[in-house]
Amino acid sequence: MEYPRLLSSSCIAAALALLVAPAGAAEGCTQTSAPIATDRPDVTNSSVVVPVGSLQNENGANVSRRAGADVFDGTNSRWRLGIAPCFEVLIDLPNYVGTFRGAGASGFGNVAPAFKWQISPLPGKVDLSVTVGAGLPIGAMAIAGRGLQPYLEFPWSVELGRGWSITGMVTNFFTPDDPVNKFSNQSTVVLEREFGERSFLFVEYVGDFPLNGGTGQLINSGGGYRITETQQIDFHIGFGLNRNSPTYIFGVGYSFRLDGLFKPRL
């Protein structure tokens, strides 16, 4: 499939997602009474936004082995602000990647602002969101790549009952300044189980499918514990399924949410 057709298909999918949003969706979006829901520790992001007037910070650090080198990256810091019902702005701060054993590049990644709109609830206990963002070219080229890097993302989730849920995400990355690969798709699926009101465990499949080059396959698993309704600690460990993926990756994180920073306009 050619790059222009992929871009057109992604734009059409986004437009269709916006059209199916129900008129009363705002009532079904996240309220401050709900516990914190984060975009970590799995690769799959949350299908819901933060409440209006809430600021959420998510952080983590990983160690991994890639291409024969041991690598550290952190702090994977994401800030999320609910500015309207079912709508948030978010920004990923530059992440540092460093090789501490073996040969490899080191440096900071890009800053990546984005908008996220929650289109839910949909029939059948389904939550769906659309995220539109871009990596701004301020990081080290060896880490972040070349030029502006837009992305279009669709996280979703389905409640199965008794604490079980299936979640997933489809992300289209566009890299127009890359001389070799101008498009890549990442698709994920997660099986998650809640234990009581504060703990959860998950197992996740992550597939990376560039337009040119070999695919990456990863099995990720982990869990989290909500210290309070607005604080969470988490961990994850993953193993690559082919040579284009990390041999292993292990990470831990901490997230918190501040509520009531401002009131929504009626």
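How many residues join strand 12 to strand 13 in the hairpin? The hairpin passes from strand 12 to strand 13 through two residues. The structure is a predicted model, in which local features require pLDDT of at least 70 and side-chain atom pairs count only at pLDDT 80 or more, while totals for chains, interfaces and linings use all residues. Residues are numbered from 1 along each chain as its sequence is written, and side-chain values use heavy atoms, with hydrogens and water left out.

Strands (E, at least two residues) and helices (H or I, at least four residues) are DSSP runs numbered from the N terminus. Two strands are taken to pair if DSSP finds at least two bridges between them. Strand 13 (residues 231–240) pairs with strand 12 in the antiparallel sense over 10 bridges, and Arg226 has Gln232 of strand 13 as its bridge partner. Strand 13 also pairs with strand 14 (residues 248–258), again in the antiparallel sense, over nine bridges. In this second pairing, Phe235 stands opposite Val252 of strand 14.

Strand 12 (residues 216–228) also contains Ile219, a residue of a nonpolar surface patch of about 520 Å² that is made by Leu160, Trp164, Leu191, Val203, Ile219 and Leu241. Patches are built from residues with over 30% relative accessible area and no salt bridge, nonpolar side chains (Val, Leu, Ile, Met, Phe, Trp, Tyr) being joined within 5 Å and like charges within 9 Å. Accessible areas were computed by the Shrake-Rupley method with a 1.4 Å probe, and for residues only the protein chains shown count as cover. On this scale, buried denotes under 20% relative accessible area, exposed over 50%, and partly exposed the range in between. Ile219, with a relative accessible area of 33%, is partly exposed.

The largest nonpolar core comprises seven residues, namely Ile119, Leu128, Val130, Leu152, Phe154, Phe174 and Phe183. Two or more residues of this core come from each of strand 7 (126–135) and strand 8 (149–161). A nonpolar core is defined as a set of buried Ala, Val, Leu, Ile, Met, Phe, Trp, Tyr and Cys residues joined through side-chain atoms within 4.5 Å.

With a disulfide defined as a pair of cysteine sulfur atoms within 2.5 Å, the count comes to one. The bond joins Cys29 to Cys86 at an S to S distance of 1.7 Å, and the link is right-handed, with 105° about the S-S bond. Cys29 lies in the loop between helix 2 (25–28) and strand 1 (55–66) and Cys86 in the loop between strand 2 and strand 3, so the pair ties together parts that are 57 residues apart in sequence. Both cysteines are buried, Cys29 at 5% and Cys86 at 4% relative accessible area.

A search of the whole structure finds 12 salt bridges, each a side-chain nitrogen of Lys or Arg within 4 Å of a carboxyl oxygen of Asp or Glu. Asp92 and Arg78 meet with an N to O distance of 2.6 Å. This pair links distant parts of the chain, 14 residues apart, with Asp92 in strand 3 (residues 87–92) and Arg78 in strand 2 (residues 69–84). Arg78 is buried at 12% relative accessible area. A network of salt bridges connects Asp39, Glu58, Arg78, Arg80, Glu88, Asp92 and Lys116.

Further salt bridges include that of Arg65 with Asp70, whose closest N and O atoms are 2.9 Å apart. Arg65 is partly exposed at 29% relative accessibility, whereas Asp70 is buried at 5%. Arg257 and Asp259 form another salt bridge, at 2.8 Å from N to O; Arg257 is buried at 4% relative accessibility, and Asp259 is partly exposed at 31%.

Methods: Buried means under 20% relative accessible area, exposed over 50%, partly exposed in between (1.4 Å probe, protein chains only).
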